[in-house]
Amino acid sequence: MTRGQANLPALAVALVLLTSTAGLSVALADAAFVGADRDPADRRVADALSDRLVDDDSPTTRRANVLRENALSLTAATLDESFPVVRGHAVRLDVGGTTVLERGDPTGGATVRRVVLLARGQSVTLVPTLDRNATTLPRRTERVTLTIRPTNATVETVRANDRVVLHDPSGLNGTYDVRVSRFETVRLRFETDGPLARGSIELTYYPTVTTKATLAVTVDV
Amino acid sequence: MSERHEGNGRRHRGQLSLSIAEAGIGVVLVLAVAMGFAYDLPEPDTRHAQLETYAEDAVTVLAGEPPRHRGATRLAEVARSPETFERERDALERRVDRILPDNLMYRVETPHGAVGFPRPAGVAVGEATVTTVGGDVTVRVWYV
């Protein structure tokens with residue numbers, strides 16, 4: 001009997017202690033949930049911007065994940081114009097460790113990294129040595145500019161890997177742009193009524209040099 | 001429990017402290033749960049999303065590259081036959097090694113074999129697959 005009585009105040013103190021602790025904890029948990037980032041807008045915008053930057057149809061790329069040379073000279077205004085998803089947000093673009101564009105201070109925002117190639121176009125002009133009126137381009141290219149000035153023969157047809165790309169029965173003479181596949185080595189063959197003299201053909205091709213880089217897009221909403 | 005102590009002259013000691021001790025343990029338990037909230041909620045897992053992005057990008061870059069000899073693309077050339085795979089495996093490994101960031105390990109699987117590193121167990125892996133005329137080519141990447 002004395003045992004239960006003596007314990008009564010202790011029990012009351014214990015209950016008060018436990019109840020207040022539990023109440024405090026629930027308040028704490030509630031505050032944590034309210035403060036939690038349930039709408040990661042930073043990451044969403046960064047993801048969307050990086051996707052659009054490396055997209056096949058983007059003004060900054062040649063093909064998917066291959067950036068043009070001038071893509072690195074974006075200004076904040078052109079970025080907003082081409083990629084409205086980032087309008088009004090702090091943004092930073094890094095290509096291979098160098099910052100190419102920074103607006104506002106996006107420190108603390110979300111960063112998305114993409115593997116890209118940087119394409120640099122070149123043009124090489126040469127007067128090819130013709131072997132049986134044919135020549136092979138030394139490197140792969142998407143297009144060829146041909147200047148045909150025949151002196152002693154008429155060039156009727158030009159074939160790239162046996163595909164007719166230029167044809168004129170009365171003779172080709174002038175400068176022509178020819179699109180060829182960059183997936184195969186191109187052999188150009190000129191069909192004439194006689195052997196072509198060296199110097200009748202001048203061609204320019206445009207090989208691409210690519211270097212690898214990482215594009216880091218940081219956005220803070 | 002305390003009944004045993006009754007009448008042996010030591011009853012005051014055990015009787016009072018027991019409820020307080022129980023309450024103390026209860027408070028510790030409740031606080032332990034509460035601490036989980038006090039030290040921030042767990043961050044969303046963005047590492048895995050980034051790995052998936054890396055794998056997708058690697059596949060896109062490789063799939064857009066012209067073949068070294070003949071074939072539709074570089075990956076199609078590698079996946080075409082065991083001979084072309086043997087011929088191209090070193091070049092493919094060098095290429096993948098170059099285009100991926102230095103903090104990543106990779107494995108490229110083709111129908112005729114794989115290049116890269118063996119995949120360790122229990123790490124987050126990003127994966128992307130591309131279909132070529134010779135079969136599927138899968139790229140897996142993970143952090144070093």
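In strand E2 of chain B, B:Gly113 is the bridge partner of B:Thr110. Helices (H or I, at least four residues) and strands (E, at least two) are DSSP runs, numbered from the N terminus. Two strands pair if DSSP finds at least two bridges between them. This is a predicted model: local features need pLDDT of at least 70, side-chain atom pairs count only at pLDDT 80 or more, and totals for chains, interfaces and linings use all residues. Residues are numbered from 1 along each chain as its sequence is written, and chains are lettered from A and ligands numbered from 1 in the order in which they are written.

**Strand pairing in chain B**
- E1(B) and E2(B) (residues 113-116) pair antiparallel over four bridges.
- A hairpin of two residues joins E1(B) to E2(B).
- B:Glu109 has B:Ala114 in E2(B) as its bridge partner.
- E1(B) (residues 104-110) also pairs with E4(B) (residues 135-143), antiparallel, over six bridges.
- B:Met105 stands opposite B:Trp142 in E4(B).

**The sheet**
- Four strands of chain B form an open antiparallel sheet, ordered E2-E1-E4-E3.
- E2 and E3 (126-132) of chain B are at the edges with a single partner strand each, so one side of each has no neighbour in the sheet.

**Contact with chain A**
- In chain B, 35 residues are in contact with 32 residues of chain A (C-beta atoms, placed from the backbone, within 7 Å).
- H1 (11-38), H2 (46-63) and H4 (82-99) of chain B each supply at least two residues of the side that touches chain A.
- H1(B) gives the most to that side, with 14 residues.

Definitions and conventions. Contact = placed C-beta atoms within 7 Å.
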